[in-house]
Amino acid sequence: MKTKILITAVNSPPGRSVYTSLKKNKNLDLICIDSDKNSVFSLMKKKKFFLSPPAKNKNYKKFINKIIRQNKIKIIIPCIEPEIIFFSKNLTSYKEINIFVPKLNVLYEVINKHKLFNLCKKLKIKTPKTQKISLPIKNKKLKIHYPIILKPIIGWGMNNVHVIKNKKQFLQITSDLRGEFVVQKFLGNFKKNIYAVGLLIDKNGKEKLNFISKSIITKYKNGGPAIAGLEVNNRFLLKVARKLISSLQGFCGPAMIEFIKTKGRNNFNLIAFNS
């Protein structure tokens, strides 16, 4: 009998990567969900694909319970942060199912961008110069020279991510923003120089699969999900990604670690960890 696996957010880059890798295994039966109405899986009317409410929707848990019951799910692999956070918070509700998610304290070590970059500093993993700020900003000078990139301290996709060229533009963009953000040195455009290392870690900390891709086209001008890319071999990036993962005691589930390449051999800066 095939093992039934539920993959969430299958239209996201981590979801597509997990699906592409696992579908080769004939002993697995993949059931997929996504909240994106324009998902490729939805448009192709793929069997065993279901349109879901967003993870933050009050009906999400009811929907998940129905999918589990009707499809006799044994394993769940959540693939974007809102869903990973949901399952991490609700592990006790699904004790009979093997869910590939880290505990909340481990999760926040990487989805909190300021904590992530501090961890990278300890591990001597190269990152862009980074500063934590709270908006509205009050008489606090930025320690990083323009151009910069502004990101919410916790967030995914390109929501409230801005490339800013000067102080005037910074004041205009941040005038309506509130909360904690990180400011980073902007290292250049995002065309053909973004690399992603994808890893899937089981509950015993064992690596089940890995891949490395180079982004060709991103969904947004300043980055975001890749909509076209090439699979590449890069032992250096795989080594760096594994080093980061091994420092996170208790991490499990999918991870997509992004790097930007600048001039020089193996001159990569880690810019994101998508869990």
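## Strand pairing and the open sheet

Two strands are said to pair if DSSP finds at least two bridges between them. Helices (H or I, at least four residues) and strands (E, at least two) are DSSP runs, numbered from the N terminus. The model is predicted: local features need pLDDT of at least 70 and side-chain atom pairs count only at pLDDT 80 or more, while totals for chains, interfaces and linings use all residues. Residues are numbered from 1 along each chain as its sequence is written, and side-chain values use heavy atoms, with hydrogens and water left out.

Strand β7 (residues 148-152) runs antiparallel to β8, and three bridges join the two. Isoleucine 149 has valine 163 in β8 as its bridge partner. These strands belong to an open, antiparallel sheet of four strands in the order β6-β9-β7-β8. At its edges are β6 (130-135) and β8 (162-164), each of which pairs on one side only. From one strand to the next, the twist averages 30°.

## Helices across the sheet

Contact here means heavy atoms within 4.5 Å. Axes are lines fitted to C-alpha atoms, for helices over the stretch in contact, and angles run from 0 to 180 degrees between N-to-C directions.

Helix α6 (residues 113-123) lies across β6, β7 and β9 (179-185), and runs at about 40° to β9. Helix α7 (residues 167-174) lies across β6, β7 and β8, at about 150° to β8.

## Aromatic pairs

Rings of Phe, Tyr and Trp (its six-membered ring) pair if their centres lie within 6.5 Å; planes under 30 degrees apart count as stacked, over 60 as edge-to-face and the rest as tilted. By this rule there are seven aromatic pairs. Tyrosine 60 lies in helix α3 (residues 60-71) and phenylalanine 86 in helix α4 (residues 81-89), so the pair ties together parts 26 residues apart in sequence. Both tyrosine 60 and phenylalanine 86 are buried, a term for under 20% relative accessible area, with exposed meaning over 50% and partly exposed in between (1.4 Å probe, protein chains only).

The pair of phenylalanine 251 and phenylalanine 273 is edge-to-face because the ring centres are 5.7 Å apart and the planes stand at 80°. Phenylalanine 251 is in the loop between α8 (235-246) and β13 (253-261), and phenylalanine 273 is in strand β14 (residues 268-274), 22 residues apart. Phenylalanine 251 counts as buried at 4% relative accessibility.
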